[in-house]
Amino acid sequence: MRVLHVVGARPNYMKVAPVMAEMAKYPDLFQQILVHTGQHYDVNMSDVFFEELGLPTPDEYLGVGSGTHAEQTARVMLTFEPVLVRHKPDLVMVVGDVNSTLACALVAAKRGIPVAHVEAGLRSGDRSMPEEINRVLTDQISDLLFTTCSDADENLRREGITPEKVHFVGNVMIDSLVRLLPAALRRDTLARVGVEARNYVLVTLHRPANVDTPDTLFEILEGLREATQFCRIVFPVHPRTVQRIPEAWKAKVNGCLVLTEPLGYLDFLRLMVDALAVVTDSGGLQEETTYLGVPCLTVRPNTERPVTITEGTNRLVPARRDALVAALKDAIGDCRRPKRPPELWDGKSAKRIAAVLGTC
Ligand code: UD1
């Protein structure tokens, strides 16, 4: 079977790496092609992840870059179609919910090539999030849907997707975490950033709903500034966010809050392990903190990953400074919950995916 994998943006790499590594063990069964759409292109949003996760050099790089949703999605579609024609895959495998995921799934489906979606069935119910549109549409046109939790299976059933197409395999992102945790623990990231273990809060923010509206972003930033009175903060800043943080705020927090460039996979994992808490609007971090048993405050009104709340360490917090400060005080005072990851988040999800494909 000739399988074409698509990566485009930062959260994709750690999901594709374990699947490709597992399938590479069976060269008689699988031939693999890797396409990078170039949705993310900076060294620290892309190259460093390839190196650390051991991903092969992409066979095709589409170089689509940034733009509006329509521009980005359209550019991926236009440049991806000739790649499909050239490589003639038997299956296109997409992961997650970024624009590249939907764009490539759509091109493949229209050309009659079966699509497999890894991390299918997650739903926030919030159509104002671009990712929710990408999730719903990708799942509708996929032939094989690999899910991370049983509520995803239930969401797909409700949307009329035949259960035979759906395979509950667990969480491939946790496969990467399990494999690379020992390497992360050997890193001197804390010393380099200038913090001590269990003495800082780790922050990431990049959702349009939080960072594109100046008033909302300011509420969150001011909450973080107030929190520096009782904890240290490390904030690796996403390129979307860095353009929007006011210089005056940066000057005010200088010395009491560490702002860094986006970090690679290993450095970020190292910081997550010993954080007092994580404040984020990312999807993946809600899952990684649940696995690690680190309290997570998700600055969003909803989540497509409710299992991280019901079984994990996640909690939703409104984008208001007082709410954020109060939640942080609580989270820091909280002793860690015992580490009992959700079902099948065990580092073996890629094996299950390869096993399903092996029978197709
Ligand atoms: C995208 C995904 C989001 C994912 C996030 C992780 C969609 C709709 N969104 O959002 O689901 O959580 O990636 O990071 O697909 N930029 C750079 N260098 C880069 C990439 C982006 O400078 O390598 C800047 C550009 O100014 C760009 C902005 O960041 O306009 C946003 O990038 P984009 O890919 O549009 O969306 P993200 O916010 O990164």
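**Exercise 1.** Which residues does tyrosine 265 touch, not counting residues up to four places away in sequence?

Solution. Start with the model: it is predicted, local features need pLDDT of at least 70, side-chain atom pairs count only at pLDDT 80 or more, and totals for chains, interfaces and linings use all residues. Residues are numbered from 1 along each chain as its sequence is written, and side-chain values use heavy atoms, with hydrogens and water left out. Next, apply the contact rule, heavy atoms within 4.5 Å. With that sequence limit, tyrosine 265 touches Met14, Phe49, Glu52, Leu53, Met173, Ser176, Leu177, Leu180 and Glu288.

**Exercise 2.** State whether serine 100 is buried or exposed, and find its side-chain partner.

Solution. Buried means under 20% relative accessible area, exposed over 50%, partly exposed in between (1.4 Å probe, protein chains only). Serine 100 has a relative accessible area of 0%, so it is buried. A polar contact is a pair of N or O atoms within 3.5 Å; within protein, one must be able to donate a hydrogen and the other to accept it, and residues adjacent in sequence count only if both atoms are side-chain atoms. The side chain of serine 100 makes such a contact, of 2.8 Å, with that of threonine 37.

**Exercise 3.** Which helix gives the most to the lining of the second largest pocket?

Solution. Helices are DSSP runs (H or I, at least four residues), numbered from the N terminus. Helix 1, helix 7 (172-185) and helix 17 (349-358) each supply at least two lining residues. Helix 1 gives the most, with 5 residues.
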